[in-house]
Amino acid sequence: MDKSLRKPVIAGNWKMNNTPEQTAALISEMKPLVAGADCEVVLCVPYIDIYAALSAAEGSNIKIGAENCHWAEKGAFTGEVSAQMLKAAGVPYVIIGHSERRQYFGETDETVRDRVRAALNAGLKVILCVGEILGERELGITAEVVRKQTKVALSGVTENELSNIIIAYEPVWAIGTGLTATPEQANEVCKIIRDLIAELYSKESADRFVIQYGGSMNDSNAADLLKQYDVDGGLIGGASLKADKFAAIVKAAC
Ligand code: PEP
């Protein structure tokens, strides 16, 4: 299968950055820089910035996403936001299982699975994050860890629903640290994920499945990472907060 048959997805993860006003300004700056890009461009923003982001991105090729969603439709979950609420607000994408949620907020493979289910039920597109911590890589168990995270998160997901899921392989030791996986390391694990999709579903679905790399991707290393056969895009943290840097990564992908 030709890699060019998978449309790359470049998604920003703003984390806990930007007010609504800053959101409007940054997206207005980005819009002309990414216009006409031959890849999917997504910005995942804090809940409070969603309306400002949707309004600023209107009429452009930038799609907006949230950074998490709860697994319940509604109820007594103070401080949480449901997938239905995001859908109703007009948000097409949501990140689920980011390592910062796993590390600081008690996210487990099982809660990731439940959030994925809720997001798919609500009609959202999911960017599902998986990745090993440094100790796991040093122990040589990266494949095992990533396969387990992926398997649990996808349990109950049908082959038809796969078209609404992207997996972002994000080695935790590379997130926000300035350390990047080498293109070969990134490709190796993205291939492990693709092979697992083939094993769980079919080779045809695996060939079409979009797998991103994330972890200190920037305007200097993006081209080398993105040309790897099994790397179909990027999930970008720090560099998505600067219009010119994010646009340069989008250009490298398209
Ligand atoms: C991320 O937040 O998913 C990420 C990859 O961050 P950074 O690009 O800053 O490493």
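Where is the place of Ala243? Ala243 sits in helix H11, where helices are DSSP runs (H or I) of at least four residues and strands (E) are runs of at least two, numbered from the N terminus.

## Basis of the model

This is a predicted model: local features need pLDDT of at least 70, side-chain atom pairs count only at pLDDT 80 or more, and totals for chains, interfaces and linings use all residues. Residues are numbered from 1 along each chain as its sequence is written, and side-chain values use heavy atoms, with hydrogens and water left out.

Ala243 is buried, with a relative accessible area of 3%. Buried means under 20%, exposed over 50%, and partly exposed in between, with a 1.4 Å probe and protein chains only. Ala243 touches Leu26, Glu29, Met30 and Leu33, not counting residues up to four places away in sequence; contact means heavy atoms within 4.5 Å. Leu120 is 123 residues from Ala243 in sequence and 30 Å from it in space, C-alpha to C-alpha.

Gly238 lies in the loop between strand E8 (233-236) and helix H11 (243-253). Gly238 is exposed, at 53% relative accessible area. Its C-alpha atom is 9.1 Å from that of Ile175, 63 residues apart along the chain.

## Nonpolar cores

In soluble globular proteins, nonpolar side chains tend to be buried together. A nonpolar core here is a set of buried Ala, Val, Leu, Ile, Met, Phe, Trp, Tyr and Cys residues joined through side-chain atoms within 4.5 Å. The largest has 69 residues, of which Leu128 and Ile165 touch the most other members. Another core, of 12 residues, lies apart from it; among its members are Val9, Ala11, Tyr93 and Val210.

Which residues does Ile165 touch, not counting those up to four places away in sequence? They are Val116, Leu120, Val126, Leu128, Leu154, Val157 and Phe209.

## Helix H1 with helix H2

Two packed helices are described by the angle between their axes and the distance between the axes. Axes are lines fitted to C-alpha atoms, for helices over the stretch in contact, and angles run from 0 to 180 degrees between N-to-C directions. The axes of H1 (residues 20-34) and H2 (residues 50-57) come within 8 Å and cross at roughly 25°. That makes H1 roughly parallel to H2. Angles under 35 degrees count as roughly parallel, over 145 as roughly antiparallel, 65 to 115 as roughly perpendicular and the rest as oblique.

On the H1 side, Pro20, Thr23, Ala24, Ile27 and Lys31 meet Ala52, Ala53, Ala56 and Ala57 of H2. By class, the residues of this contact are 7 nonpolar, 1 polar and 1 charged. Ala, Val, Leu, Ile, Met, Phe, Trp, Tyr, Cys and Pro count as nonpolar, Asp, Glu, Lys and Arg as charged, and the others, Gly among them, as polar.

## Helix H5 with helix H7

H5 (residues 109-122) and H7 (residues 142-154) pack at about 40°, with axes 7 Å apart. They are therefore oblique to each other. Asp109, Glu110, Val112, Arg113 and Val116 of H5 make the contact with Lys148, Gln149, Val152 and Ala153 of H7. The contact has 4 nonpolar, 1 polar and 4 charged residues.

Most residues other than glycine have a negative phi, and most peptide bonds are trans. Lys15 has a positive phi of about 55° although it is not a glycine. Lys15 is in the loop between strand E1 (9-13) and H1, and is partly exposed at 21% relative accessibility.

Asn18, also not a glycine, has a positive phi of about 85°. Asn18 is placed in the loop between E1 and H1. Its relative accessibility is 23%, so Asn18 counts as partly exposed.
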